[in-house]
Amino acid sequence: MVSFQTINPATGAFVKEFPVQSDEEVFAALDTADRLYREDWKFRPVAERARIVARAAEILREKRDEYVEYLTLEMGKVTRSGYFEVDLTADILDYYAEHGEKLLAEQELPDEPGAKLVTEPIGVLLAIEPWNFPYYQVARVAASQLVAGNVVLIKHAESVPQSALAFARLFEEAGAPEGAYTNLFCSIEQIGKLIDDFRVRGVTLTGSERAGASVGERAGRNLKKAVLELGGSDPALILRGAPLDHAAEEIVRGRTYNSGQGCVNIKRVIVVGTQRGEQLLAKLQERFAKITVGDPRDEDTEVGPLSSERALDGVLRQIQQAKDAGGRIVQGGSRIDRPGYYLEPTIITGITEDNPLFHEEVFGPVLSFYVVDCEEEAIRLANATRFGLGSYVFDADVEHAQQVATRIEAGMVYINSCFADSPNVPFGGVKNSGFGRELAELGIGEFLNRKTVKVAQ
């Protein structure tokens with residue numbers, strides 16, 4: 001890796017680059033973070049740390065337009081989706097600022113007289129973050145852990161350096177001391193050295209299976225806690241009682257949001273019943289054909305470019321491999337002939353279990369469509385993946401949908417909606433989608449020492 005670069009996905013134009021830091025710069029940052037943690041940050045009252053995080057939320061809302069612009073420039077996010085990300089990020093900051101003291105309060109052990117649990121931070125945390133949600137993903141770690149009394153080193157994706165710097169500025173302007181939140185432009189090799197350093201006490205990563213396996217292995221060798229949020233091949237089960245018009249609208253939104261570049265985007269639709277499958281496919285083809293793909297800054301645009309030429313080439317390769325293995329492209333499937341990294345919203349049917357697409361995650365607006373004869377087969381197909389992040393069940397009978405949800409191997413199941421992210425709802429998966437949770441009470445608890453204190457009776 002030579003540098004961190006901004007390349008505008010809407011045009012393919014190079015904008016700006018930032019050099020990778022030297023080992024001396026990276027470990028000087030670790031020195032500063034560790035010293036701040038040991039001598040200052042962990043001793044501050046929770047309320048004081050929370051005020052800084054709350055001020056960061058306030059500044060983010062004041063500068064919405066500026067922060068959205070970085071998202072659109074660097075990863076091609078449609079502007080209105082950028083505003084949604086900025087607002088959700090501010091909500092996460094506010095959530096932990098408001099609830100931190102309660103979440104970190106001592107707990108009496110009622111069945112053990114004289115015993116209590118005291119919550120304490122553990123030190124410097126290293127977070128390795130992706131490009132698809134440059135603020136939201138970081139806030140899921142930084143908001144909770146700064147309030148908890150930990151300090152964080154953030155290594156962001158190489159393609160969003162200006163977004164990374166903007167988020168670091170946010171905490172600086174909010175009054176965070178040097179070392180509380182540190183952005184690093186560092187290499188994979190330097191990440192390994194940081195994980196090896198004893199002062200780094202926990203590691204969290206959102207990314208690919210390959211990256212998660214590498215980071216998890218290295219953290220394990222160093223006996224360090226790791227949280228991994230990896231890929232997903234998220235199924236949407238359309239049961240016999242599901243209203244098809246509503247399901248179609250949610251599927252379109254759930255597959256194409258963020259240009260299809262999300263871990264919990266709907267990836268696979270599984271319809272129970274041949275006739276209903278034909279009806280839903282026709283509705284989806286009609287809606288996909290009408291999606292406006294274009295400049296993310298245009299008000300009419302629904303789907304922007306993919307994040308990079310490499311990302312687009314990868315998705316096109318997956319589409320071709322699926323077609324070569326017998327899959328049928330019923331909508332889209334091609335690159336759009338214009339500058340930038342644009343793909344037609346795509347639907348593929350006829351995917352058998354020996355088709356590569358059956359086993360892969362597609363990070364783009366590509367929908368796999370399956371029809372099965374019965375609910376049991378729908379559940380089997382939903383679980384026939386190494387992933388287990390998000391999933392979706394559509395049915396008019398909500399109680400029945402909840403029963404089906406208990407049988408799906410996933411960290412999250414959404415009923416009758418494409419997703420509903422909230423600071424109050426834990427986020428995370430099972431199987432090869434990783435382990436650990438972010439957001440809500442579970443998220444702040446991942447990197448805490450729950451210390452037992454017991455007085456002799």
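Predicted model: local features only at pLDDT ≥ 70, side-chain atom pairs only at ≥ 80, totals over all residues.
Helices (H or I, at least four residues) and strands (E, at least two) are DSSP runs, numbered here from the N terminus.

Residues are numbered from 1 along each chain as its sequence is written, and side-chain values use heavy atoms, leaving out hydrogens and water.

**Stop 1: the whole chain**

Of the 457 residues, 56% count as buried (under 20% relative accessible area; exposed is over 50%, partly exposed in between, with a 1.4 Å probe and protein chains only).

**Stop 2: the cores**

Next, select I238, V269 and L280. These are the residues with the most contacts inside the largest nonpolar core, which has 113 residues. Such a core is a set of buried Ala, Val, Leu, Ile, Met, Phe, Trp, Tyr and Cys residues joined through side-chain atoms within 4.5 Å. Centre on V269: beyond its neighbours within four places in sequence, its contacts (heavy atoms within 4.5 Å) include A236, I251, L367 and Y370. Now pick I270, L357, A378 and I408, which belong to a second, separate core of 27 residues.

**Stop 3: Q261**

Move to the loop between helix 9 (244-256) and strand 11 (268-272), where you will find Q261. Is Q261 buried or exposed? Its relative accessible area is 1%, so Q261 is buried. Show what surrounds Q261: leaving aside residues within four places in sequence, M75, W131, N132, F133, P305, L306, S307 and F363 are in contact with it.

**Stop 4: L448**

Finally, select strand 18 (residues 448-454), which holds L448. This leucine, L448, counts as buried because its relative accessibility is 11%. Draw a distance from the C-alpha atom of L448 to that of T119: the two are 329 residues apart along the chain, yet separated by 6.5 Å. Not counting residues up to four places away in sequence, L448 also touches L104, E120, P121, I122 and A148.
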